[in-house]
Amino acid sequence: MNNYLKHLFIVQLFLAGCLVLPMSRTAASELDTTHFRSATIHVKPSRVIGQVKPLHGGNLAVPLVDGLYLGKVRETFRRLKIPYTRLHDVPLQNPGMRIVDIPLIFPDFRADAEDEGAYYFDQTDDYIRDCIADSTEVYYRLGTSIEHSIKKYFVHPPKDVKKWIDVASNIIRHYTEGKWNGFRFPITYWEIWNEPDVDSQKMWTGSLDEFNAFYVEVATALKKRFPHLKFGGPAHCSPKEKVVRGFLSACAEKKAPLDFYSFHCYTDDDKRIIGLPARMQQYLDEYGYHQTELHLNEWNYIYGGFWKADAKTSNDWFKVIRGTEGAAFVNTVLIGWQDTPLDVACYYTIVNLSSSRWGLFNSDGTVSKAYYGMLAFGDVAEYGNRVGLDADLPDGSRALAARDSHGNLAILASCWKSGALDLSFDIESMGEYERVEVYRLDDHSNLAKCMEVGHVQGPLKVRTDSESAIWLVKCYK
C-alpha cells in the first residue's frame, strides 16, 4: 500500500469507527453496517452562488435577572452570533421588572405624553445596552407581552390611539435620538403589536378589523415622523389567508406603510415552514407591497396537537425540542430558508432562564443540544459566501456550504430524522486545504471536534447511529 492510500485508509477508518461511536473502539470492519443508509454531499467551493442569509435571529437575549449565572450566560450567548434579538415577552423573562412594554414604560395613560417623569426607562435601558454590547441588533416590538391570565390587563385596543402614537414616538426618540438622556442605538426594526389574531384574545381583545385600522393609523404616523426607520407587523400568530388578506387589504386601501410583514409558525412540518415565505410573498405582491421585507419572527419545532396536550405530553416534547432532533430541525429549516424570500427570522426563544421549557439555555445557565445546533449555523453564516453543492440526503435533511474571503470552507449537514447514516463529503479540490476539522452533534456528542487532519485527497466519510445528527466540517487553506 503506497503512502497516499495508507493515509486515506487511516482517515476513513477513524471517521467510520471512533468518530461516531465514541463508546466503542471496534474497527470499522467489525461494525454492523446493515442498517446504515448512505448519502453523499458534493461541494463546489469555486462556485459562489450568493451570500448565506443570517436567519438565526431570536427572541429574548440575556435577562437582567439571574445575576448568579450572568457572566457565564452572557459569554455563551455571544458565541451564537445572533443577528437580531426581538424584544417580545421580555417582562416574562425578567419577572417583576418594568421593561420594554409600553404599559410598563408609561404606566399611567392619564399622564402627559410629553412629561419625562411619566416614563420609566431604566431597566429597558440596561437590557438594550446589554444587547448592543453582546453584538445582537435590537428588534423592538411596540406593544405588550402575551397575557395568559383569565382577566386581560394591557392587551385591549388603546382608547386614545393618537396618544399611544405620541408615547411610542417618545420611546423611539429615547433610544434612537438621545431624548431625555437617552441613546442613539442603531435600532432599525419597530414592530407594531404582536399576534392580534391569537386564540383566546391573549394579545388583542378587539376585532381584527379594529386592529387593522389601529395598525394603519399607527404605521402611517410613525413612518411620517421617522422615515429612516422601518415599521411593520403585525406578527400574525397563524398566517391564514383570510387574516392576511384582511390586513393587507386594509393597509393597501389607505396606502399605509409596511416596511416588513411579520408572521409566526410553530410546526413539525419542515416543508410547511420553509414554504411559507413564498406564499406570503405572493400575498404581498398581490396587494402592491413588492418591496416589503418578510419576517418570520417567532418559530419553533412544535407538533400539531401540542397546544392542547396535557402537561406530561408537552413537557416530554420540550425535551425533543431541546435535544438532538430539535437541533437538527432548526438547522434543516435555516438551510431550507436560504432559497426563499425570507429576510429575517427569530427563533422563540434564545435565552429564557425563567423557564426550563422554552429557550436554548437551561434554567441553571447551562445549554441544551439545540444550543449547539444554533451555534453550528452561526459559525457557517459567518463565512459569508455561499457555495454550490449537490446532495442526495434523505428527505428532510439538508446541507449548506460557505467560504470566507481567504478561501476557507465550512460545510453544515443537518440530518433530521435520517436514521443511522453513512455520509460522504466529496469536496472539489480537497487537496488544496492544509487542515480539516470535523465536528459532530448527535446523541453521543455536543458538536465536539471529532478529528483534525492535514491534507486529505479523498472524500471524508463519517457515520452516526443516531436518529438525527448535525455535521460541521471546516477546511482551512
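Val 100 is buried, with a relative accessible area of 0%. Buried means under 20% relative accessible area, exposed means over 50%, and partly exposed lies in between, for a 1.4 Å probe and protein chains only. Val 100 has a positive phi of about 70°, although it is not a glycine. Most residues other than glycine have a negative phi, and most peptide bonds are trans. Val 100 is found in the loop between helix 3 and helix 4 (102-105). Helices (H or I, at least four residues) and strands (E, at least two) are DSSP runs, numbered from the N terminus.

The model is predicted: local features need pLDDT of at least 70, side-chain atom pairs count only at pLDDT 80 or more, and totals for chains, interfaces and linings use all residues. Residues are numbered from 1 along each chain as its sequence is written, and side-chain values use heavy atoms, with hydrogens and water left out.

Lys 417 also has a positive phi, of about 55°, and it is not a glycine. Lys 417 sits in the loop between strand 12 and strand 13 (421-427). Lys 417 is partly exposed, with a relative accessible area of 42%.

Next come the cis peptide bonds. One joins Gly 233 and Pro 234, with omega of about -5°. Pro 234 lies in strand 6 (residues 230-236). Another cis bond runs from Tyr 348 to Thr 349, with omega near 0°. Thr 349 belongs to the loop between strand 9 (344-348) and helix 12 (369-381).

Nine strands form an open sheet in the order 15-14-17-12-11-10-1-13-16, with mixed pairing. Its edge strands are strand 15 (445-453) and strand 16 (460-464), and each pairs on one side only. Neighbouring strands of this sheet are turned by 20° against each other on average, direction ignored. Here axes are lines fitted to C-alpha atoms, for helices over the stretch in contact, and angles run from 0 to 180 degrees between N-to-C directions. Two strands pair if DSSP finds at least two bridges between them.

Follow the pairs from strand 10. Strand 10 (residues 385-391) and strand 11 (residues 398-403) pair in the antiparallel sense over two bridges. Arg 386 stands opposite Ala 402 in strand 11. Strand 11 then joins strand 12 through six bridges, again antiparallel. Ala 399 has Ala 413 of strand 12 as its bridge partner. Strand 11 and strand 12 form a hairpin with five residues between them. In the turn, Gly 407 has a positive phi of about 90°. On to strand 17 (residues 469-476): it pairs with strand 12 in the antiparallel sense over seven bridges. There, Ala 469 is the bridge partner of Cys 415.

Why is strand 12 (residues 409-415) largely enclosed by the rest of the structure? Seven of its seven residues are buried. In a regular strand the side chains alternate between the two faces of the sheet. Leu 409, Ile 411, Ala 413 and Cys 415 point one way from strand 12, while Ala 410, Leu 412 and Ser 414 point the other way.

A disulfide is a pair of cysteine sulfur atoms within 2.5 Å. By this rule the count comes to zero disulfides. The sulfur of Cys 415 is 13 Å from the closest cysteine sulfur, in Cys 450, too far for a bond. Cys 415 is buried, at 2% relative accessibility. The sulfur of Cys 237 is 9.8 Å from the closest cysteine sulfur, in Cys 265, also too far for a bond. Cys 237 is partly exposed, with a relative accessible area of 25%.

Cys 237 also takes us to the largest pocket. Cys 237 is among the residues nearest the centre of that pocket, along with Glu 195, Val 198, Tyr 266 and Trp 307. A pocket is defined on a 1 Å grid over the protein atoms alone, as an open set of points where a 1.4 Å probe fits, with protein on both sides within 12 Å along at least five of seven lines; lining residues have an atom within 4 Å of a point. The largest pocket has a volume of about 1200 Å³ and is lined by 41 residues. Strand 7 gives the most to this lining, with four residues.

Technical notes: Grid points are joined across faces, edges and corners, and a volume is the space filled by probe spheres set on the points.
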